[in-house]
Amino acid sequence: MSAASDLTDRPWRSVPGPADRESFFAAQARNRRATWRLTGLCRLGVALMGIPMSAVITPLVFAALFLFADVAHLLWPTAAIWSGPEGVDRTPLLAHWPPWAVGIILATLLIVPGALVVALAWMGARTLFRRAGPEALVRSLGGRPPRSGDFEEQQLGNVVAEIAIAAGVKPPTVMLLDGAVANAAVVGSSHDDAVVLVSRRLVDELDRDETQAVVAHLVGAIGNGDLRVALSMLALFRTIALLLTTLGATLGPASRRTLVRLVRLAGRRGTAGEAEALARVDELLAASSDLGAEDAGRPPGPQKTGVLDILRAPLMMAHFAIWMCRLAFMSFVVAPLLALLWRRRRYLADATAVQLTRNPDAVARALASLSAKGGAIPGAGWAAPLFIIGPRSGQAGPLGPGAARSAMLGDDLGVLSFDPPMATRMARLRRQGATIDLALTPYRFSPVAIAGITLLVVVVGALLMGCALMITYVALALDIMLLVPMMVVAHFVLRLLFGWL
């Protein structure tokens, strides 16, 4: 029998590998499509949350404009503008419109002024905190440049430069963190000021291929635009905190101090210590935006209601309504969507790392090693999702026993965690060619459990959002009822004052 016939008669053995194999290009395309869809849903969720917030702010905007116009009219009389030209029909304009058009106009007048204030706050928070760039975070974590006499740290800089050239992006700055935790992150507002943060333990624990895989993940995140996404997400949280702090400035000293610091920093462009000051203000914004923070500094015991409490009642109602909207919509709509979006960005960065290194095993080995040895960087705070390994890693790690159950409801419903389950990341890398054995497969709940948990989340979320909308309606009605007589009284008081002067 010839050798050829012998080979023909042998049964073919299957090639090892997953049945659902996909290329890194296909994985990137799939994750990009998912991010586009989730981005649209996030914008819709933010718009739904912004409508009641804007409606609560609008009466305050009109009251401020009324006072400004009243004072301006006293200083510079404009009788023709206030009374209008002679012989003009003074019938209300809305009387000539159909009811549906009147409803649209009134809804627009109720939402648009407040929405403009929210948009200005978002742009201001984004611009102000973008000025510091990654400098504040790097300094707060104790980052340092690579030592010139350390061969491994210099090699890390070379690896970052090589991967950046392969990705077609500007080589980011390399900084190291001394500590007992192995982790890495990329921070900044764009590829122009991006900084790669790598812990020294990561350099010591991982070999060159694994270190190259980690760097490829971070550089890939820069090229994919993750820094812009992270900046927009942080600006959203800071905007809500800024609104709550501004409204709470008349309610307690904590908000007033934070607001004064913020105003001072807005005029200190390029001064020494600006990054550290902005980082401190960022912490104060998050603290002073809590509902209970406004009582700081008040004497204990029952408080008497005075004229000042009546005057600031509209601000108190608006503050509570916005806080309630943040609690309901952020917890059950916006934050879960943002978490799903960020998970997809991490999967996209993993696939990009496979493309840049052509070594899916190294990417999988690096993630498996970091899942056991890594963890949260102390002091990272809001920047924890920017690190390649989230705070749920370390010690037993996501690949350890029982870790799938500790992840919030697994990969299907674990939308409250920005850190994607490690088992799912490993399974996706295996489909892209990694041959590392999984210590744990993604945990799957039964269909009945998923249906029950989903129903519970939907019911609780609907109840909270219903309460938030009801409180918004009550706050809006009370604000109008209080602000109208206040404006009338202010109108006559201003004229009495100007008459005496």
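Which residue forms a salt bridge with aspartate 207? In this predicted model, where local features need pLDDT of at least 70, side-chain atom pairs count only at pLDDT 80 or more, and totals for chains, interfaces and linings use all residues, the partner is arginine 365, with the closest N and O atoms 3.9 Å apart. Arginine 365 lies in helix α14 (residues 360-373) and aspartate 207 in the loop between α7 and α8 (208-224), so the pair ties together parts that are 158 residues apart in sequence. Residues are numbered from 1 along each chain as its sequence is written, and side-chain values use heavy atoms, with hydrogens and water left out. Helices (H or I, at least four residues) and strands (E, at least two) are DSSP runs, numbered from the N terminus.

A salt bridge is counted when a side-chain nitrogen of Lys or Arg is within 4 Å of a carboxyl oxygen of Asp or Glu. Under this rule, 15 salt bridges are found. Accessibility is described in three classes: buried is under 20% relative accessible area, exposed is over 50%, and partly exposed is in between (1.4 Å probe, protein chains only). Arginine 365 is partly exposed because its relative accessibility is 30%. Aspartate 207 is also classed as partly exposed, with a relative accessible area of 36%.

A second salt bridge joins the side chains of arginine 425 and aspartate 350, at 3.0 Å from N to O. This pair links distant parts of the chain, with arginine 425 in helix α17 (residues 422-431) and aspartate 350 in helix α13 (residues 313-357), 75 residues apart. Both arginine 425 and aspartate 350 are buried.

Arginine 200 belongs to helix α7 (residues 200-205) and glutamate 153 to helix α6 (residues 151-167), so the contact ties together parts that are 47 residues apart in sequence. Arginine 200 counts as buried because its relative accessibility is 16%. Glutamate 153, at 0%, counts as buried too.

Surface patches were also identified. They consist of residues with over 30% relative accessible area and no salt bridge, where like charges are joined within 9 Å and nonpolar side chains (Val, Leu, Ile, Met, Phe, Trp, Tyr) within 5 Å. Accessible areas come from the Shrake-Rupley method with a 1.4 Å probe, and for residues only the protein chains shown count as cover. A patch of positive charge is formed on the surface by Arg256, Arg257, Arg261 and Arg264. Arginine 261 is placed in helix α10 (residues 253-266) and is partly exposed at 41% relative accessibility.

A nonpolar surface patch of about 570 Å² is made by Leu75, Trp76, Val489, Val493, Leu497 and Phe498. Helix α18 (residues 447-500) supplies the largest share of this patch, four residues. Valine 493 is found in helix α18 and counts as partly exposed, at 40% relative accessibility.

Phenylalanine 62 is located in helix α2 (residues 24-75) and is partly exposed, with a relative accessible area of 41%. The C-alpha atoms of phenylalanine 62 and leucine 483 are separated by 9.5 Å, although these residues are 421 residues apart along the chain. Helix α9 (residues 226-247) is mostly covered, with 17 of its 22 residues buried.

Key
Lys and Arg count as positive and Asp and Glu as negative; His and the chain ends are not counted. The place of a charge is taken as NZ of Lys, CZ of Arg, CG of Asp or CD of Glu.
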